[in-house]
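This report describes selected features of one protein model. Please consult the sequence and the structure shown here before reading on.

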Amino acid sequence: MDKQMSETLVRTGPGTAMGSLMRRYWVPALLVSEIAEPDCPPVRVQILGEKLLAFRDTDGKAALIDEFCSHRGVSLYFGRNEENGIRCAYHGLKFDRDGKCVDVPSAPQACKHMGVKAYPCIERAGIVWAYLGPKDKQPAPPDVEWCNLPESHVYVSKRLQESNYLQAMEGGIDTSHVSYVHRYEVDDDPMHQGTEALKYIKADGNVVFEIEKTPVGLTLFGRRNGDEDTYYYRITQWLFPWYTLIPPFGEHALGGHVWVPIDDHNCWAWSINFRPDRPLTEQELADMKAGKGIHNEYEEGTWRTKANKDNDYLIDRQAQKDKRAYSGVFGFAVQDSSLQESMGPIQNHEAEKLLPTDRAIVMCRRMLYEAATNMQSDVEPPALDASAQRVRAAGVLLPKDQKAQDWARVHLDDGKDQPVYSV
């Protein structure tokens, strides 16, 4: 990837081409549980290079406004959340959930000039989503399957990843690495163990990809040898501009991620497990909360993983030698983030030498770049119709003479009314 394309893709702050593109979609901002009660303490939020403040007002409505008071630039994090607004602790200016200044004690007539930036919010799947784009371009709410399920069917977590969103998201798109970095831990992880899929993944590391471009992103058909007359396909989805959907393993939950820039050097990695057909069991929830599968343990009081770059991700060389952890790092989330963060805050794309298994990454980059640059010529970005997000990932054994693309069009396009296909 050349320098110009790389610079366009990795810069997401206000006024950048990629930042303008991402602002056209609903952005996961924070967990609903972070502002669980009316008039609770406000929470700092940073997304797409903007420092914001989230709170829940007296009426129970979620709000996301500029963190800083329009008067003297004081952080409203130190303000009082009361009576349907945030009151600055310095001089008493008060702002409602729409950013409107409703009180200036020292100069009431100045209210109409003192408002701050505010963004619309909605709540789905335990997440507060915000729309940061032009008011007249606001799209329909997100419609990925897990957004619309009952609370009992979904578990969501987030973690800080100390790298650019692009290299993190590309790890979610690149499923060929499952045969390597996660190779040993899958046997014992409660959300992967005991499935036929592991046999095929371990037996055939030479995955062959076919990729289909769709109106909403990419469908990846990762083919491995199955039984004598079959191929095992892991069919994953990348949905524009930052969703990935993970096929389930056997009877375990489906999975997904959302990769959201904090700034150019850090991102939020949102991790979702869900069952469209039933509530998650107490054991499943306990495992997820304990950091199993695609979730993680935290450094106390933070959204940072307990194993992080400051402690070399608690790498265990003996476990690596004993084939208990392929890289010596434990935990799927940390296994991925340790390698992605090792590239540096922003990967040197000009130095990379890509392989055939990276074709989906190349296509994803091209789609993002074209959408971002085309917007500068007033071309509307793709995938604004949220109904196009109604697709599903799957794992399936198919006869060698059957085209996986034909099967997917019947069973996965608008696949929410279909059974869960898993191996």
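Helices (H or I, at least four residues) and strands (E, at least two) are DSSP runs, numbered from the N terminus. Of the 10 residues of H7, 9 are buried, and the helix is mostly covered. Buried means under 20% relative accessible area, exposed over 50%, and partly exposed in between (1.4 Å probe, protein chains only). The buried residues of H7 include Phe332, Val334, Asp336 and Glu341.

## Basis of the model

The model is predicted: local features need pLDDT of at least 70, side-chain atom pairs count only at pLDDT 80 or more, and totals for chains, interfaces and linings use all residues. Residues are numbered from 1 along each chain as its sequence is written, and side-chain values use heavy atoms, with hydrogens and water left out.

## Aromatic pairs

The structure holds 10 aromatic pairs. Rings of Phe, Tyr and Trp (its six-membered ring) pair if their centres lie within 6.5 Å; planes under 30 degrees apart count as stacked, over 60 as edge-to-face and the rest as tilted. The pair of Tyr25 and Phe240 is tilted, because the ring centres are 5.8 Å apart and the planes stand at 55°. Tyr25 lies in the loop between helix H2 (17–22) and strand E1 (26–31), and Phe240 in the loop between strand E15 (230–239) and strand E16 (243–246), so the pair ties together parts 215 residues apart in sequence. Both Tyr25 and Phe240 are buried.

A tilted pair is also formed by Tyr184 and Tyr326, at 5.7 Å centre to centre and 40° between the planes. Tyr184 is in the loop between helix H3 (165–173) and helix H4 (196–203), and Tyr326 in the loop between helix H6 (317–321) and helix H7 (332–341); the pair links distant parts of the chain, 142 residues apart. Tyr184 is buried, at 19% relative accessible area, whereas Tyr326 is partly exposed, at 34%.

## An open sheet

An open sheet is formed by 4 strands in the order E5-E6-E7-E8, with antiparallel pairing. Strand E5 (80–81) and strand E8 (101–103) stand at the edges with a single partner strand each, so one side of each has no neighbour in the sheet. Two strands pair if DSSP finds at least two bridges between them. Strand E7 (residues 94–95) is joined to E8 by 2 bridges, and Phe95 stands opposite Cys101 in E8.
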